[in-house]
Every structure is written in structure tokens, then in C-alpha cells.
Amino acid sequence: MRKKIGFLVLFLALTVIFSTEALGQRKLDEQTVADLQKTDQYAIGVSDERFFKGALNMYDFLLENGVEIKDYEVVVKGRVVADLVKGSELETFFQKYKGKVRVSICSVAMEKLNVSEEDLIEGMDPIPTWSVRILQLQAKGYNTLTY
């Protein structure tokens, strides 16, 4: 009997350790996917590198869970703008999303950080202001999230 209980405990422990949730990979339930399908346009406003990467990873997560995406935009402001330049580590990270995800860069932040349009990673678009772009996307019916 003790061996059976020990085996059961070991089996449960291994199941928990190797479950997808334990590895940080979650699966969306059908209702959540159905709710998200009410729009196919998404925008995420970010202001640092961690959230920039997170917004791009969210794109993958939604697709992996069967959410259909027509338009996906990351709107960027703040100091991270200085890291969104040619030759940067973020340029390499962004290559996977080029042509799939639009990245809009706040020109006010660009000016403050001395980043020119020519400095930006190819495929990133300057916009007048972060806040106006978020409002514009909301007016167009995008699901929006800001960090």
C-alpha cells in the first residue's frame, strides 16, 4: 500500500512539474477566444522594453490560441524609443514580427531622445503622439491595452 501511495505522489508531482501551466504556457478557454473574436483589431501601448517584448509575445499567444487577428499595433513612447534603432538587440527581436505587427513610435519621445526617423528599425512608423494614436485606435474599434 505504501508503494502505491508513494507512486501516486510521485506521479502527481511529475504531472504538476510538467504541466503546461507550470511551464508558464496557458491555454485560453473557448469562451475567452469567442469573446476576443468580437473584434480582430488589437493595439497595445507600451513605454519600456519589457512591455514592448510582452506586447509582441502577446501577438504570438493570441494566434496560438486560435484568435484571428486582422490588425495588431504596438504604440511606443518613453525611453525604450532610444532602443528601437537599427543595430540594436530589439531589432533582432522584432524581425519575427516585421510585416505582421505595426509598431508606431511617438515622435515626441523621438525628439526628446534624439532619435531620427532614419535611426528607427525598418518597419517602425513615427506618429505625432502616443496618446492621440491610442485614442484614434479606440475610435476605430480596436481592443486597446496600455502599460
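Predicted model: local features only at pLDDT ≥ 70, side-chain atom pairs only at ≥ 80, totals over all residues.
Biologist: How do you know that the span of H3 is close to the expected one?

Modeller: Helix H3 covers residues 49-64. H3 has 16 residues, and its first and last C-alpha atoms are 23 Å apart.

Biologist: Why is Ala 55 called buried?

Modeller: The relative accessible area of Ala 55 is 1%. Buried means under 20%, so Ala 55 is classed as buried. Ala 55 lies in helix H3, where the buried residues also include Phe 52, Leu 56 and Tyr 59.

Biologist: What covers the buried residues of H3?

Modeller: The cover includes helices H2 (30-36) and H4 (89-94), together with strands S1, S2, S3 and S4. For Ala 55 itself, the residues touched are Ile 44, Val 46, Tyr 72 and Val 74, leaving aside those up to four places away in sequence. Val 74 is 19 residues from Ala 55 along the chain, yet their C-alpha atoms are separated by 6.8 Å.

Biologist: Why are S4 and S5 called edge strands?

Modeller: The sheet is open, with 5 strands in the order S4-S3-S2-S1-S5, and the pairing is parallel. Strand S4 (124-127) and strand S5 (143-146) each pair on one side only, and these are the edge strands. On average, neighbouring strands of this sheet are turned by 20° against each other, direction ignored.

Biologist: How do you know that S1 and S5 pair?

Modeller: Pairing requires at least two bridges between the strands; S1 (residues 41-46) and S5 have 4 bridges in the parallel sense, and therefore they count as a pair. Gly 45 stands opposite Thr 146 in S5. In general, strands of a sheet pair through backbone hydrogen bonds.

Biologist: Which helices contact this sheet, and at what angles to S2?

Modeller: H3 packs on the sheet and touches S1, strand S2 (71-76), strand S3 (102-106) and S4, with its direction at about 170° to that of S2. Helix H6 (residues 130-139) lies across S1, S2, S3, S4 and S5, and runs at about 160° to S2.

Biologist: Is Asn 114 buried or exposed?

Modeller: The relative accessible area of Asn 114 is 71%. Exposed means over 50%, so Asn 114 is classed as exposed.

Biologist: How many helices and strands does the protein have, and what share of its residues is buried?

Modeller: The protein has 6 helices and 5 strands, running α-α-β-α-β-α-β-α-β-α-β from the N terminus. Of its 147 residues, 31% are buried.

Key. Residues numbered from 1 in each chain as written. Heavy atoms only, no water. Buried < 20%, exposed > 50% of the residue type's maximum accessible area, 1.4 Å probe, protein only. Contact = heavy atoms within 4.5 Å. Axes fitted to C-alpha atoms, helices over the stretch in contact; angles between N-to-C directions. Expected span 1.5 Å × (residues − 1).
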